[in-house]
Amino acid sequence: MSTRDMTMIEAINDALDITLARDPDVVVLGEDIGYFGGVFRATAGLQAKHGKTRVFDTPISECGIIGVAVGMGAYGLRPVPEIQFADYIYPGLDQLISEAARLRYRSAAEFIAPLTVRSPFGGGIFGGQTHSQSPEALFTHVAGLKTVVPSTPYDAKGLLIAAIEDNDPVLFFEPKRLYNGPFDGYYDRPAKGWKNHPDAAVPDGHYTIPLGKARIVREGEGLTILAYGTMVHVAAGVVEATGVDAEIIDLRTLVPLDIEAIEASVRKTGRCLIVHEATRTSGFGAELAALVTERCFYHLEAPVERVTGFDTPYPHSLEWAYFPGPVRVGEAIERLLAAD
């Protein structure tokens, strides 16, 4: 299969284009996603190609967007609603938690809700407290929802197609800092693009990446780093700069979670670092730490460490103090390796 170098935005656009062409039941909806092509241009050109009944704008009502998508799914369509920023998904929580997550269970599978809610999330773009949040833990706590976070263009396309073809509701959180290039956390250095990056080579046509299958970014023996989204690249940058023999696992999907890959890695290395952008308390890192402790306790040579955002609203003026950057990740690695 031939490949092309793509940005993450281009890969997402390609995934939507392919699924719209393959399946007449797929519809794309959201604020400004039609003629304008979306605030980040992820849907650019799709309305002109597939028509206004397949790709259409909605009123500014996140609850309405998700509620309509639930109804569409129940009656046979595969809606892909976009929430412009994950910070604005909260008005739709009741539709996701009380309706989408439960529909297949309470109807004994007579109805399903096969919607894929796409939404940019995370920080690193000076978006402040209303355009930088990472709400993934809210959704991983709800039985019946699946949560996906890609970190590369290749994964973004394959995971998004898999999510759209899945019969369960999926939250697809796109790290907006990675849309146009990888980001190793050094905000004061020139931005990098995806061109010539090995994970930017995206196959043409249809392919999927199974939900629930993690990716080993780098094999190692010294410690395990569990990450997703932008933090995969931050961790990889620190490991490359320091030469630490770390195994980096990109979780890709938080629910379903590749527990087998996590357990195998931590049992091998005996040390585990978890990094994510979201606030620390009750973040997904807490679930990972509990899981590692339950399953790998007698193999651990040091306490599990977490590097996360702080328990405050995402600050605009102190973004890089809040962001779990290379310095904090590097210090945690040093502590883990020094522990007896």
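**Exercise 1.** Find which residues of H1 meet which residues of H7, and describe how the two helices pack.

Solution. Met 8, Ala 11, Ile 12, Asp 14, Ala 15, Leu 16, Ile 18, Thr 19 and Arg 22 of H1 are in contact with Pro 153, Ala 156, Lys 157, Leu 160, Ile 161, Ile 164 and Glu 165 of H7. Contact means heavy atoms within 4.5 Å, and helices are DSSP runs (H or I, at least four residues), numbered from the N terminus. The model is predicted: local features need pLDDT of at least 70, side-chain atom pairs count only at pLDDT 80 or more, and totals for chains, interfaces and linings use all residues. Residues are numbered from 1 along each chain as its sequence is written, and side-chain values use heavy atoms, with hydrogens and water left out.

Next, take the geometry. H1 (residues 8–22) and H7 (residues 153–165) pack at about 30°, their axes 8 Å apart. Axes are lines fitted to C-alpha atoms, for helices over the stretch in contact, and angles run from 0 to 180 degrees between N-to-C directions. The helices are therefore roughly parallel (angles under 35 degrees).

**Exercise 2.** State whether Ile 249 is buried or exposed, and list its contacts beyond four places in sequence.

Solution. Ile 249 belongs to strand S11 (residues 246–250); strands are DSSP runs of E, at least two residues. Its relative accessible area is 0%, so Ile 249 is buried (under 20%, with a 1.4 Å probe and protein chains only). Beyond four places in sequence, Ile 249 contacts Ala 214, Arg 215, Thr 224, Ile 225, Leu 226, Ala 227, Ala 261, Ile 262 and Ser 265. The C-alpha atoms of Ile 249 and Ser 265 are 8.5 Å apart.

Methods:
Buried < 20%, exposed > 50% of the residue type's maximum accessible area, 1.4 Å probe, protein only. Parallel < 35°, antiparallel > 145°, perpendicular 65-115°, else oblique.
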